[in-house]
Amino acid sequence: MSDEAKNGLVLIDFGGDVVDRARLFFSIQPANVHTVVFPAIKRTANLVRRETTKAIREKYDISVANLRAEENVQMYSKIGEDKFYTYIHYRAYKGIPLFRFNGVTPKYPKVDTSKLVPVIMAGLRAPIVKSANERRAHWQMVYPGVEASAHVLKGNSNKKLENTFVATMKSGHTGIFKRTGAATSGLYGGNDEIQELYGPNIVQMLGNREVQDKITQKAEAYFVARIEHEIDRLWAQNFLSDEQWGEMNR
């Protein structure tokens, strides 16, 4: 896999004839460049999202809604008389929150009333303390969250995740979190450090380069067809004269 693909960038390469025709169009109608390009990008991006979602869901147990392809797959273009390229951007710097995969339990925050565990409670702020009694004053015994279970691949059963729990943040975001055993800043007046657990990202879920190449090839063919369609549409709406049209189709 190329470095660009690992970083989530996949270049769409166009044939010379299409590039030449597009550049000629831009030289004749520079004011209509965005009128041609933006609709083509939008439709091609939707195609890429559909194909990406289909490829991922053949292997991974995640719903269309939770994959959120509209956030994780974008398309961008640099098009003009001296440049003509488009690339797909797969969001690769962060994985999909583990809670979004199907089969996660519990489905909502739930506590285990069978035991108590010591935690540093949020909001208990204090200066630096040295005595054991002072340190213990900032810890409290609480019922822990029920340990989460999850899987990401279709056909796999859930696996218990030690020291984890399901929680909903103030923002409304729900996720699976793990206590690291460390404390946040504030020394003994800080909080227990927790980290959200994530599954693989879009690029990792697409897997081998062959799958990405198939999606890219479909995108290339579709984008070229849409560019041609938009140019034809402008001619039909009299944005191009018969003379200009003839020059475009020599």
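This is a predicted model: local features need pLDDT of at least 70, side-chain atom pairs count only at pLDDT 80 or more; totals for chains, interfaces and linings use all residues.
Residues are numbered from 1 along each chain as its sequence is written, and side-chain values use heavy atoms, without hydrogens and water. Local features need pLDDT of at least 70, side-chain atom pairs count only at pLDDT 80 or more, and totals for chains, interfaces and linings use all residues.

H151 lies in the loop between β6 (149–150) and β7 (159–160); strands are DSSP runs of E, at least two residues, and helices are runs of H or I, at least four, numbered from the N terminus. H151 is buried, at 12% relative accessible area (buried, under 20%; exposed, over 50%; partly exposed, in between; 1.4 Å probe, protein chains only). Leaving aside neighbours within four places in sequence, the contacts of H151 (heavy atoms within 4.5 Å) include D61, F101 and N158.

The largest nonpolar core has 34 residues, of which V48, I56, Y90, I176 and M205 touch the most other members. Such a core is a set of buried Ala, Val, Leu, Ile, Met, Phe, Trp, Tyr and Cys residues joined through side-chain atoms within 4.5 Å. Helix α3 gives the largest share, 7 residues.

Salt bridges (a side-chain nitrogen of Lys or Arg within 4 Å of a carboxyl oxygen of Asp or Glu) number 4. One joins the side chains of E51 and K218 (3.2 Å, N to O). E51 lies in α3 and K218 in α8, so this pair ties together parts 167 residues apart in sequence. K218 is partly exposed, at 43%. Another joins E230 and R226, with the closest N and O atoms 3.6 Å apart. Both E230 and R226 are buried.
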